[in-house]
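Please look over the chain displayed below before reading on.

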Amino acid sequence: MKAAVFYEHGDASVIQYREVELPEIRPDEVKIEVHYASLNRLDIFVRNGSPALKIPLPHISGSDFTGRVVEVGSKVKEVTLGAKVAVNAAKFCGKCQQCLRGEQSLCRNFSMVGEHSWGGLAEYAIVPARNLQVLPEEADCRKIAAGTLTTLTAWRMLSSLANVRPGNTVLIPGAGGGLSTAAIQIAKYLGAKVIVTTSKKEEVVKALGADYVINYIDNPNWSNEVWKYTKKKGVDVVFESVGEATWEQSLRSLAKGGVLVTAGATTGFKGKTNIGLVFWKQLRIMGSTMANRREFEEAIHLLLNGTVEPVIDSEFTLEETQEAEKRLEVPDRFGKVLIRVRGCQTTE
Ligand SMILES: [Zn+2]
């Protein structure tokens, strides 16, 4: 099969479009013909490599994709041949204590499709059958591929962890990527008032449902603006994915008893925390990665019923993956970068 593969870590130039051989599937796995994939920060992180991440090379990344089942392992019961599917990239053992209580993203043997095993930036991919959700035939495989990872991540953060309720105020700093644009739509769906800081496309952010938009270039001390807008109360929830650049002001924006939930740190991991603020205001800081099985299914429903409409920045072919990964790192990018593999077609 053809794949966007890299044989060494480095910048986008290490990606090669070439023929590679896919291994045999295991009894609990299926082989998927990939229709559409979308890129995430994780793809860049894996490609760049780090001392903490030991993966065998060559590697194929890609943790967000849709396709059709073309081969099923002997023990697979969850899906049948020919099914159109969405993929949850969070791999779990199904046997540990966390898995047994339904918290698969906290699995002791947790790993990611596209990080610890080959992913979807290829004509075919192999995943455990329990990581799939069957889609209706009429489902838009492009839209689902654009929104799966971000929607399930934002859904767990806002719904399960931060427990957002109607009337709450949610702050989303640094909107521009797939995760924050999904978060705006989910926070609105949950009945919250949404404050967003961004440096671009303010009109698009408003169209997604944001009630109040702060340009952080014009207002570098944007937490003061949040303070004014909330009549010196602060926000109930901060949805963090920016990290170091926004951390301090994100914490300062919280109301008493507020919760900050984080699932990323694109600008760095060393955020400054005023501990006095944390105990005096009785703040909670929560971390989140991916989602459990139930939240994954709910996220797919939010995409199917149009509650979340993924914002798409650009689209490339599999052969153009190198260009696509460069696009992901351009500062003016807004929304998801898509990779069209086979496209949304039926198999022969
Ligand atoms: Zn487990």
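Which residues does Ser-288 touch, not counting residues up to four places away in sequence?

## Basis of the model

This is a predicted model, in which local features need pLDDT of at least 70 and side-chain atom pairs count only at pLDDT 80 or more, while totals for chains, interfaces and linings use all residues. Residues are numbered from 1 along each chain as its sequence is written, and side-chain values use heavy atoms, with hydrogens and water left out.

Ser-288 touches Arg-156, Met-157, Leu-161, Val-261, Thr-262 and Ala-263, when residues up to four places away in sequence are not counted; contact here means heavy atoms within 4.5 Å. Ser-288 itself lies in the loop between β15 and α9 (293–304), where helices (H or I, at least four residues) and strands (E, at least two) are DSSP runs numbered from the N terminus. With a relative accessible area of 7%, Ser-288 is buried, on a scale where buried means under 20% relative accessible area, exposed over 50%, and partly exposed in between (1.4 Å probe, protein chains only).

Gln-185, found in helix α4 (residues 178–189), is likewise buried, with a relative accessible area of 7%, and it touches Leu-208, Thr-307, Val-308 and Glu-309, again not counting residues up to four places away in sequence. Ala-145 belongs to helix α3 (residues 141–161) and counts as buried at 0% relative accessibility. Leaving aside neighbours within four places in sequence, Ala-145 is in contact with Tyr-36, Ala-37, Ser-38, Asp-64, Phe-65 and Thr-66, whereas Ala-145 and Tyr-216, 71 residues apart in sequence, are 30 Å apart in space from C-alpha to C-alpha.

## Overall form

The chain has ten helices and 17 strands. Its radius of gyration is 20 Å, close to the 20 Å that the globule rule gives for 348 residues, so the chain is as compact as a globular protein of that length; the radius is taken over C-alpha atoms, and the rule is 2.2 Å times the number of residues to the power 0.38. Taken along the principal axes, the C-alpha atoms fill a box of roughly 60 × 40 × 40 Å.

Of the 348 residues, 57% count as buried, and among contacts between residues at least 6 apart in sequence, 71% join residues at least 24 apart. The chain exposes about 15200 Å², of which carbon and sulfur atoms supply 50%, with accessible areas coming from the Shrake-Rupley method with a 1.4 Å probe and, for residues, only the protein chains shown counting as cover.

## The zinc site

The zinc ion is coordinated by the SG atoms of Cys-93, Cys-96, Cys-99 and Cys-107, at 2.3 to 2.4 Å, where donors are N, O and S atoms within 2.8 Å of the metal (3.2 Å for Na, K and Ca), and sites may look incomplete since water is not among the atoms. The angles among the four donor atoms run from 103 to 120°, and the site is tetrahedral; four donors count as such if all angles lie between 85 and 135 degrees.

In sequence, the donor residues are spaced C-x2-C-x2-C-x7-C. Cys-93 lies in the loop between β6 (90–91) and α2 (97–100), and Cys-107 in the loop between α2 and β7 (111–112), so the pair ties together parts that are 14 residues apart in sequence. Both Cys-93 and Cys-107 are buried.

## Strand β5 and its partners

From strand β5 (residues 84–87), Lys-84 and Ala-86 point one way and Val-85 and Val-87 the other, and all are buried. Three bridges join β5 to strand β4 (residues 65–72), and the two run antiparallel; strands pair if DSSP finds at least two bridges between them. Arg-68 stands opposite Lys-84 in this pairing.

Strand β9 (residues 132–134) is also joined to β5 by three bridges and runs antiparallel to it, with Val-134 as the bridge partner of Val-85.

## Backbone geometry

Most residues other than glycine have a negative phi, and most peptide bonds are trans. A cis peptide bond, with omega about 0°, joins Leu-57 and Pro-58, and Pro-58 is found in the loop between α1 (41–48) and β4.

Lys-232, although not a glycine, has a positive phi of about 65°; it lies in the loop between α6 (222–229) and β13 (235–240) and counts as exposed at 67% relative accessibility. Gln-282 has a positive phi near 50°, lies in the loop between α8 (275–280) and β15 (284–287), and counts as exposed at 62% relative accessibility.

Methods: Four donors count as tetrahedral if all angles lie between 85 and 135 degrees; four count as square planar and six as octahedral if opposite donors are over 155 degrees apart and all others between 65 and 115; anything else is irregular.
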